[in-house]
Amino acid sequence: MSETATRLSVFKTYKLYVGGKFPRSESGRVYEVTDDKGKWLANAPLSSRKDARDAVVAARKAFGGWAGSTAYLRGQILYRVAEMMEGRRGQFVREVADAEGLSKSKAAEVVEAAVDRWVWYAGWTDKISQVVGGANPVSGPYFNLSTPEPTGVVAVLAPQESSLLGLVSVLAPVIATGNTAVVVASERSPLPALSLAEVLATSDVPGGVVNVLSGRTAEIAAPLAAHQDVNAIDLTGADAELARDLEVAAADNLKRVLRPQAVDGRADWTADPGTRRLTAFLETKTVWHPTGSLGASGSAY
């Protein structure tokens with residue numbers, strides 16, 4: 001008589017997401033991730049300064065192609081992210097429930113809101129330029145047009161308390177407007193962010209457009225804030241003391257800085273997001289062009 005073997009569970013190996021690939025931290029370090037009751041969930045990569053620099057290099061390399069793509073294409077790709085998340089809904093519900101101590105029904109609501117948030121920003125990609133750009137009234141024989149352009153490489157510190165919906169709410173508007181991103185996942189609850197990276201990799205998002213790091217927020221954020229090739233930083237996931245230090249470091253090359261808006265470290269991520277985050281990392285280019293038969297070429301600044 002044959003004995004029935006006990007099947008061993010296959011534990012998931014979580015990895016970083018840099019340049020469209022899934023490396024382990026170059027340091028080889030990991031840290032334990034637990035649920036709200038202290039139960040072990042997984043080991044997550046503990047990113048190093050070298051990982052942060054590699055992510056910036058990947059984001060810079062991807063910026064030209066992503067910024068130069070049409071707004072329509074970016075909208076299609078963001079909508080594809082929503083489709084892929086919907087297909088992996090069960091996995092995200094489990095991870096969010098464990099990460100945030102929610103019931104399965106509440107976690108399902110969070111996942112649905114995160115999917116809807118991708119759809120929301122997908123719809124804005126080809127509309128935001130009409131909202132913040134346009135023809136300007138000027139006096140003289142010329143016309144004046146202002147158009148928004150992406151800032152560049154944006155470092156995004158994801159919210160600590162909202163492992164998925166908050167993450168999507170700060171990441172989606174950055175890439176919707178043509179920027180590339182280096183995301184520092186929630187230190188306490190990084191697993192939904194690392195799983196989101198797998199969705200991004202299979203959703204036609206070009207490699208390097210989004211790079212996801214996990215580990216100690218302060219350790220990873222410090223080199224990003226001071227990096228000369230990072231153009232902007234979103235401090236949402238930093239506490240008050242860390243935010244002040246990072247803002248000082250960011251001033252060295254005049255980065256755009258989006259300060260935390262939460263009260264007591266928390267924010268209502270279910271609220272209507274509006275357009276604030278869409279415009280936070282856009283620059284305005286203004287073009288002057290003569291009218292009539294002057295024949296001169298326009299200039300931009």
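This briefing walks through selected side-chain contacts, strands and helices of the structure above. It is a predicted model, where local features need pLDDT of at least 70 and side-chain atom pairs count only at pLDDT 80 or more, while totals for chains, interfaces and linings use all residues. Residues are numbered from 1 along each chain as its sequence is written, and side-chain values use heavy atoms, with hydrogens and water left out. Helices (H or I, at least four residues) and strands (E, at least two) are DSSP runs, numbered from the N terminus.

**Salt bridges**

- The structure holds 14 salt bridges, a salt bridge being a side-chain nitrogen of Lys or Arg within 4 Å of a carboxyl oxygen of Asp or Glu.
- In helix α1 (residues 49–68), Lys 50 and Asp 54 are 4 residues apart, about one turn of the helix. Their salt bridge brings the closest N and O atoms to 3.0 Å.
- Lys 50 is partly exposed at 35%, and Asp 54 is partly exposed at 30%.
- Helix α2 (residues 71–87) holds Glu 83 and Arg 80, 3 residues apart, about one turn of the helix. These two residues form a salt bridge with 3.2 Å between the closest N and O atoms.
- Glu 83 is partly exposed, with a relative accessible area of 38%, and Arg 80 is partly exposed at 31%.
- Arg 277 and Asp 234 also meet through their side chains in a salt bridge, 2.7 Å from N to O. This pair links distant parts of the chain, with Arg 277 in helix α10 (residues 276–280) and Asp 234 in strand β8 (residues 232–234), 43 residues apart.
- Arg 277 counts as buried at 11% relative accessibility, and Asp 234 is buried at 0%.
- A network of salt bridges links Lys 12, Arg 88 and Glu 198.

- Strand β5 (residues 153–157) has 5 of its 5 residues buried, so it is largely enclosed by the rest of the structure.
- The cover extends to both faces of β5: Val 153, Ala 155 and Leu 157 are buried on one side, and Val 154 and Val 156 on the other.
- β5 pairs with strand β6 (residues 180–184) in the parallel sense over 5 bridges, and two strands pair if DSSP finds at least two bridges between them. Within this pairing, Val 156 stands opposite Val 183 in β6.
- Together, β5, helix α6 (residues 165–176) and β6 make a right-handed β-α-β unit. Right-handed here means that, with the strands pointing away from the viewer, the path from the first strand over the helix to the second runs clockwise.
- β5 also pairs with β8 in the parallel sense, over 3 bridges. Val 154 has Ala 232 as its bridge partner in β8.

**Aromatic rings**

- There are 3 aromatic pairs in the structure. Rings of Phe, Tyr and Trp (its six-membered ring) pair if their centres lie within 6.5 Å; planes under 30 degrees apart count as stacked, over 60 as edge-to-face and the rest as tilted.
- Phe 11 and Trp 40 form an edge-to-face aromatic pair, 5.9 Å centre to centre with 70° between the planes. The pair links distant parts of the chain, with Phe 11 in the segment before β1 (30–34) and Trp 40 in strand β2 (residues 40–45), 29 residues apart.
- Phe 11 is exposed at 63% relative accessible area, whereas Trp 40 is partly exposed at 36%.
- The charged end of Arg 216 sits over the ring of Tyr 31, 4.5 Å from its centre. The cut-offs for this are NZ of Lys or CZ of Arg within 6 Å of the ring centre and within 35 degrees of the ring normal.

- Ala 97 lies in helix α3 (residues 89–100) and counts as buried at 7% relative accessibility.
- Leaving aside residues up to four places away in sequence, Ala 97 touches Leu 102, Ser 103, Lys 104 and Ala 107, with contact meaning heavy atoms within 4.5 Å.
- In helix α7 (residues 191–201), 9 of the 11 residues are buried, so the helix is largely enclosed by the rest of the structure. Among them are Leu 191, Pro 192, Val 199 and Leu 200.

Methods. Buried means under 20% relative accessible area, exposed over 50%, partly exposed in between (1.4 Å probe, protein chains only).
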